[in-house]
Amino acid sequence: MKKSTIIFFTILGVLFNAQNFKTKRGIVSLDGIHVAKISNKSSIYTFMDLNETPMYTIEFVDKSIVDSVRDSYIKLNRVYNRDKTIEMDYISPSAFSGEEKSAVYTSIKGLKVIDNKGINIKILDDIFKNVPKRKLDTKTKDAYTIRSKIDKLNIEVNKVGEILSNGVPVGYFTNLPVSFGSEDTISDKTFVDIEIYDAKSKLIGRYITTTKQLKTAGGKSFTLYREMSGRASILKYPTYKAIAERMAIMDPTFIKIQEKVTVGPVEKDTTVK
């Protein structure tokens with residue numbers, strides 16, 4: 001068989017097996033056949049059968065993990081059992097697809113819960129029985145590891161520039177701009193570095209407002225909040241809390257995880273006076 005003939009039949013086979021979906025006025029069509037209905041409220045999309053009985057929902061989540069790293073995924077939920085929600089990766093037909101198109105595309109191509117017969121309940125149940133693992137890249141995994149460490153530190157910055165971890169003073173900021181106290185973010189581009197000290201007044205590092213660069217006393221450097229575009233755009237200016245958190249990761253000796261203080265049972269004083 002000639003090479004051109006093989007290519008022709010290959011393309012023809014792909015065309016015949018391709019599934020073309022379309023969503024119009026809340027009706028999902030697959031290869032021209034109405035198979036499901038969809039409605040949305042904010043970023044939550046409810047999928048229904050053609051009788052408008054709700055079957056499952058897809059919620060889009062886009063959150064910042066730490067610094068400039070973001071994570072985008074969906075939460076899948078059965079309508080009749082809202083106690084169980086699973087987090088999953090989703091797919092889109094193109095980088096410019098909106099949430100609705102991505103939700104439908106994921107249902108058909110990724111989860112395969114919608115076919116030319118409608119919503120396949122058996123496949124939907126199987127997904128909840130055998131939850132697929134998310135495919136996180138190395139950068140996102142590392143960000144979650146850092147986030148876990150930061151959450152345990154429970155860092156806060158009070159109105160006088162003092163840094164607290166789980167309620168215990170662990171350091172402080174100096175050379176604060178005039179806007180400090182009224183704003184959580186650092187927007188003033190002063191030529192004086194904002195310095196970070198530990199509780200024993202040892203210099204831990206500096207934040208350079210003109211370059212948004214954080215430098216430890218030991219020579220490590222990190223640029224906070226790099227500019228990003230599109231859906232993953234982030235805050236233009238960092239918060240004082242974000243700076244303290246990143247400094248704690250860059251210099252592990254700065255803040256130690258404070259154990260929670262526990263007290264024993266209170267006994268009533270029965271001494272006769």
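**From a residue pair to the sheet**

Select Y207 first: in this predicted model, Y207 stands opposite L214, a residue of β15. Now move to R206, whose bridge partner in β15 is K215.

β14 and β15 (residues 213-216) are paired in the antiparallel sense, with 4 bridges. Strands of a sheet pair through backbone hydrogen bonds, so show the backbone atoms here.

Strand β13 covers residues 194-198 and β14 covers residues 203-208; their pairing is antiparallel and runs over 4 bridges. Which residue of β14 is the bridge partner of Y197? Select L203 together with Y197 to see that bridge. In the hairpin of β13 and β14, there are 4 residues between the strands, and the one to pick is S201, with a positive phi near 65°.

Finally, show the sheet as a whole. It is an open sheet of 7 strands with antiparallel pairing, in the order β10-β11-β12-β13-β14-β15-β16. Colour β10 (155-157) and β16 (221-223): these stand at the edges with a single partner strand each, so one side of each has no neighbour in the sheet. Looking across the strands, neighbouring ones are turned by 20° against each other on average, direction ignored.

Methods
Residues numbered from 1 in each chain as written. Predicted model: local features only at pLDDT ≥ 70, side-chain atom pairs only at ≥ 80, totals over all residues. Heavy atoms only, no water. Pairing = 2+ DSSP bridges. Helix = DSSP H or I, 4+ residues; strand = E, 2+ residues; numbered from the N terminus. Axes fitted to C-alpha atoms, helices over the stretch in contact; angles between N-to-C directions.
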